[in-house]
Amino acid sequence: MYADICKLFGIKYPIIQGAMAWISEAGLVAAVSNAGGMGVLATGHLDGEGCRREIKRLKSMTDKPYAVNVMLLSEHVDDIVNVICEEKVPVVTTGAGSPGKYMAKFKEAGTRVIPVVSSVALAKIMEREGVDAVIAEGTESGGHVGKTTTMALVPQVVDAVKIPVIAAGGIADGRGIAAAVMLGASGVQIGTRFLVAEECSVHPNYKAKIIKAKDIDTVTTGMSTGHPVRILRNKMTRKYEALEKNNASAEELEELGRGALRKAVVDGDTDNGSVMSGQIAGLVKKEQTCAEIIEEMYGEYRELMAKKAEFI
Ligand code: TUI
């Protein structure tokens, strides 16, 4: 049931910024943490030393709590975990796998662990491993996704574990936060809306694509390879879908996907690159600072909660 994750993590608002490879670098992360949320540094595109440089840069930009994400499919995962422990990072989130084999190391370093889970079974395993909270991420999210929707996943995870549950997937305003809390979540993780933050260094073409996107504009590629990834439909996804239809090999598909995120994020090639985005992009209308985004969302949430008796 509802737990105070603000007290648990020392933050002002129960809003966690979702890690986004190539995108959530020190600048964005510090801006979210300085605005009272919890910024999360992505490391999926970094090696161990790159990760250390970003953590040091982040520490110079904020004295507020922050987290570092470990993308468990990364070839540098062992080095990254070592650096996180050496740098005494306060909180780790994990994605795309189970952090089980690193739990003892994190505990020893005093690092709290919040894995992303996309099923009840995984949430229960994680609780047994001794994690501090879980992020229940619905298939509405951008990037690597599970199959169950946020609406169905969150209450089932809440009933299955005793640790705090943070809801993710399809949340970008105060209504989403209120809905998550009604489902039993203790906080939310938000990615897509922070893509258009002024402090987010993603290419302006990427931001423009998000702002233009409508409700039905995302697709999931990679269903056939076992790594489904939600992205905005473009020339690249059409090519991918054609290959998948023709039973292309996993190698061929991976070849097309390789470097595609960097192409969109860094080069601004939103036709041939991978523009990862959640289904909620249609709700994201303008560029704002992280402080404006957080204050606006929480203000909406507060207003809704104050009026909740009127809904009966
Ligand atoms: O990790 C994410 N989202 C991501 S990672 C990423 S980088 C990437 N780029 C290209 C291809 C693939 C990845 C982009 N977006 N979200 C968290 C998340 N984790 N969602 C689902 C899961 C998950 C899946 C399986 C967590 C655990 C899990 O366990 C499997 C097992 O049994 O080990």
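Mentor: Let's start with D63, which is exposed, at a relative accessible area of 71%. Keep in mind that this is a predicted model.

Trainee: Okay, and which side chain does D63 meet in a salt bridge?
Mentor: That's K64, with 3.9 Å from N to O. K64 is partly exposed, its relative accessible area being 39%.

Trainee: How many salt bridges does the structure hold?
Mentor: There are 15 salt bridges in the structure. Another one is between K56 and E87, where the closest N and O atoms are 3.3 Å apart.

Trainee: Where do K56 and E87 lie?
Mentor: K56 is in helix 3, residues 48-61, while E87 is in the loop between helix 4 (77-86) and strand 4 (91-95), so the pair ties together parts that are 31 residues apart in sequence.

Trainee: Is E87 buried or exposed?
Mentor: E87 is buried, with 10% relative accessible area. K56 counts as partly exposed, at 47%.

Trainee: Which residues are linked with K56 and E87 in a network of salt bridges?
Mentor: E49, R52, K59 and E86 are in that network along with K56 and E87.

Trainee: Switching topic: what does R262 meet in a salt bridge?
Mentor: The side chain of D267, at 3.6 Å from N to O.

Trainee: And how accessible are those two?
Mentor: D267 has 46% relative accessibility and counts as partly exposed. R262 is partly exposed too, with a relative accessible area of 36%.

Notes. Residues are numbered from 1 along each chain as its sequence is written. This is a predicted model: local features need pLDDT of at least 70, side-chain atom pairs count only at pLDDT 80 or more; totals for chains, interfaces and linings use all residues. Side-chain values use heavy atoms; hydrogens and water are left out. A salt bridge is a side-chain nitrogen of Lys or Arg within 4 Å of a carboxyl oxygen of Asp or Glu. Helices (H or I, at least four residues) and strands (E, at least two) are DSSP runs, numbered from the N terminus. Buried means under 20% relative accessible area, exposed over 50%, partly exposed in between (1.4 Å probe, protein chains only).
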